[in-house]
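Me: I would like a close look at a single part of this model. Please give the cut-offs for each term as you go. Where should I start, and what should I look for?

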Amino acid sequence: MTLRKSRLKLGELLVKEGLITEEQLQKAITAQKQEGTRIGEVLVKLGLVTEKDIVVTLGKQLNIPYASLAKGLLEPDTNQELDKLVPQEFARQYRLIPLSRNLNSLTVAFADPLDILMMDNLKKMTGCDINPIVASESDIIQSLDRFYGETDLLQEAISDSYED
């Protein structure tokens, strides 16, 4: 019971923050049930909030810092071989970007910091404690493209190498 009071649902948080009304939340919940997607996706699709509104609110609730590409905070440290530590496929699948490593501590930006299983797998894969940062999915995808290279270019290069 106390857990429920301390952990509001995302929709309730957005109402509490004054970003949407209770009526808008109910409309979004109805749409969510029909579409079978996450409430945040529905709220963005309906134009009631932005992707940034959702990640900032989520970050506040979880006490996780928010980072954006616009402020230059999603630029991975290039001399730490983070691309070898966190494979591109894993990073793209789970919408995360490794930012820096300090001894056994890895700072990672996530679009979904609530995915506990993924977080556990990342910890096992890297052998590091994970310091989460929350970021919008679109910012993470852009950062992934810059860090690992754009997937289309990679796929073109692979297919070109087979055409002889």
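Reply: Helices are DSSP runs of H or I with at least four residues, strands are DSSP runs of E with at least two, and both are numbered from the N terminus. The model is predicted: local features need pLDDT of at least 70, side-chain atom pairs count only at pLDDT 80 or more, and totals for chains, interfaces and linings use all residues. Residues are numbered from 1 along each chain as its sequence is written, while side-chain values use heavy atoms, without hydrogens or water.

Start with Asn104. It lies in the loop between strand 1 and strand 2. Leu103 is in the loop between these two strands as well. Strand 1 and strand 2 form a hairpin, with two residues between them.

The backbone at Leu103 deserves a look. Its phi is positive, about 55 degrees, although Leu103 is not a glycine. Is Leu103 buried or exposed? Leu103 counts as exposed, at 73% relative accessibility. The scale is set with a 1.4 Å probe and protein chains only: under 20% relative accessible area is buried, over 50% is exposed, and anything in between is partly exposed.

Now follow the contacts of Asn104. Contact means heavy atoms within 4.5 Å. Once neighbours within four places in sequence are set aside, Asn104 is in contact with Gly127, Cys128 and Asp129. The C-alpha atom of Asn104 is also 8.7 Å from that of Ile130, a residue 26 positions away along the chain.

Two strands count as paired if DSSP finds at least two bridges between them. The sheet is open, has three strands in the order 1-2-3, and its pairing is mixed. Strand 1 (96-102) and strand 3 (129-134) each have a single partner strand, so these edge strands are left with one side that has no neighbour in the sheet. On average, neighbouring strands are turned by 25 degrees against each other, direction ignored. Axes here are lines fitted to C-alpha atoms, for helices over the stretch in contact, and angles run from 0 to 180 degrees between N-to-C directions.

The strands of a sheet pair through backbone hydrogen bonds, in parallel or antiparallel fashion. Strand 1 runs antiparallel to strand 2, and six bridges join them. Strand 2 (residues 105-110) and strand 3 are parallel, again over six bridges. In strand 3, its bridge partner is Ile133. Ala109 is also the partner in strand 2 of Ile97.

Which helix packs on this sheet? Helix 9 (residues 137-148) does, touching strand 1 and strand 2. The direction of helix 9 makes about 60 degrees with that of strand 1.

Next, the way into strand 1. Arg95 sits in the loop between helix 7 and strand 1. Arg95 has a positive phi near 50 degrees and is not a glycine. With a relative accessible area of 28%, Arg95 is partly exposed.

One step back is helix 7, which contains Glu89. Glu89 is exposed, with a relative accessible area of 58%. The C-alpha atoms of Glu89 and Tyr148 are 9.8 Å apart, across 59 residues of sequence. Helix 7 (88-94) also supplies at least two residues of the lining of the largest pocket.

Now set the sheet in the whole chain. The secondary structure comes to ten helices and three strands. Along the sequence, the pattern reads α-α-α-α-α-α-α-β-β-α-β-α-α. The chain has 164 residues, of which 37% count as buried. Among contacts with a separation of 6 or more, 58% join residues 24 or more positions apart.

Val42 is buried, with a relative accessible area of 1%. Beyond neighbours within four places, Val42 is in contact with Ala28, Ala31, Gln32, Glu35 and Thr37.
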